[in-house]
Amino acid sequence: MARAGAFEGGLVSAALAVAGLVLLGWFANWLAKKLVVRPITRIIARTPLRNEARDVRALVTHLANVVPAVILLQGIPFVAGLPERFVLFVQVVAESFVVFTLARVLSDLLELANDAYELKPGAASRPIKGYVQVGKIVVYAAAAILITATLIGQSPLLLLSGLGALAAVLMLIFRDTILSLVASVQLRSNDMLRVGDWIEMPQLNADGDVIDIALHTVKVQNFDKTVTTIPTHKLISDSYRNWRFMREWGGRRIKRALLLDQTTVGFLSRRQWEDLRAFAILRPYMDAKDQELAAWNAAHAHGEGEDDRPANRRRPTNAGTFRAYVAAYLEAHPHISQRGTLLVRQLEPTEKGLPLEIYCFTDTADWGEYEAIQADIFDHLIAILPQFGLRLFQQPGGADLARLGACVSGDGQVPRPDDAVEA
């Protein structure tokens, strides 16, 4: 080492001075964390931000890391015997580290601001996580420009002026980020999506509750407990269904049809009509119908004796009376909302029968209660349908074919269901 000239010019003393400077920076960092991080963490633990104490600890820790870099930056010029290039290199690296550390501190501040905002009661309806992520991107982009300018020894303004030529490339690289940012602004400004909303997007296999809204993605927990990740801009470019307004309204729609066998639709005889007066909820309709039919028949009589002929008289039908019964039953049902539309209507007849559609709203949006109410209503309607002389249409089953076979064979016996299964 002596022959190499290591001891000439005070290189050993300079190296020892640099080592001492590094040890001083390490000690100052340890002391800062000891005197600052722990007390602040304890103070935060007693505030409403106690759940965010980890974020505060990370922020203060990153801020404490600036101390050794500043000590090295300010102390290295006073070490005698060091080459000028080495001093410049250490200063550049220290400055870059300070810029990077301050960028991390600003990122931690943004994250802490988001955590504090989420403590507000209305934060779930208007999350700012997307804006926080945009802020982080801006902070780190600015830090990258400053670090690059420091390393090459040029002004940051010179780099910014050169970015204009790379605008097309940057737009291509950050295409998804730009689209997601625009989509996030539109979603929040128009109140189109909130955390907790039930959304349905079949084209992306999403059907469940929104659990997270970020800049680039929206996470939906499906009802099978899987999670679907949707690009944020897809919620603007594609259509989806949001059930939040149904929940806010407080009810859920029932829209289902009973398929009546058209061969069972017919006029009611006087005896059948009077027998239906046993249904108390039908009596107001029947009284009004009697007056309406009597007035019409009297006004359209076609000569003496002809008004008694069935062809010249209006008569009630079993399908129309059953339709009136269903409407009255729904109006009297305790779990059917009277605020929403209530309809019982016939749809176009098909090869599968005459659809009688029930259109109404329950008084609850709870899924389990809704299904129970809907099932109870249709259980009742299907069970009471034969009392109106009507029958539901259904495809022939094994038992029907077995009965048909028994009739064709001529034995005159209709097999029991067990016999049909055995057959």
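Two strands count as paired if DSSP finds at least two bridges between them. Helices (H or I, at least four residues) and strands (E, at least two) are DSSP runs, numbered from the N terminus.

The model is predicted: local features need pLDDT of at least 70, side-chain atom pairs count only at pLDDT 80 or more, and totals for chains, interfaces and linings use all residues. Residues are numbered from 1 along each chain as its sequence is written, and side-chain values use heavy atoms, with hydrogens and water left out.

**Exercise 1. Describe how β3 is joined to β2 and to β4.**

Step 1. Between strand β2 (residues 206-213) and β3 there are five bridges, and the two run antiparallel. Asp209 faces Gln221 of β3.

Step 2. These two strands, β2 and β3, form a hairpin with three residues between them.

Step 3. On the β4 (residues 227-231) side, β3 also pairs in the antiparallel sense over five bridges. Here Val218 has Ile230 as its bridge partner.

Step 4. The hairpin of β3 and β4 has four residues between its strands, and Lys225 in it takes a positive phi near 75 degrees.

**Exercise 2. Is Asn222 buried or exposed, and which residues does it contact?**

Step 1. Asn222 belongs to strand β3. Strand β3 (residues 217-222) has a covered face of Val218, Val220 and Asn222, while Thr217, Lys219 and Gln221 form the uncovered one.

Step 2. The relative accessible area of Asn222 is 7%. Buried means under 20%, exposed over 50%, and partly exposed in between (1.4 Å probe, protein chains only). Asn222 is therefore buried.

Step 3. Contact means heavy atoms within 4.5 Å. Apart from neighbours within four places in sequence, Asn222 touches Asn205, Ala206, Asp207, Gly208, Val227 and Thr228.

**Exercise 3. Characterise the packing of α13 and α14.**

Step 1. Axes are lines fitted to C-alpha atoms, for helices over the stretch in contact, and angles run from 0 to 180 degrees between N-to-C directions. Helix α13 (residues 318-332) and helix α14 (residues 367-384) pack at about 150 degrees, their axes 12 Å apart.

Step 2. This makes α13 roughly antiparallel to α14 (angles under 35 degrees count as roughly parallel, over 145 as roughly antiparallel, 65 to 115 as roughly perpendicular and the rest as oblique).

Step 3. The contact joins Phe322, Tyr325, Val326, Tyr329 and Leu330 of α13 to Ile377, His380, Leu381 and Ile384 of α14.

Step 4. By class, these residues are eight nonpolar, one polar and no charged (Ala, Val, Leu, Ile, Met, Phe, Trp, Tyr, Cys and Pro count as nonpolar, Asp, Glu, Lys and Arg as charged, and the others, Gly among them, as polar).
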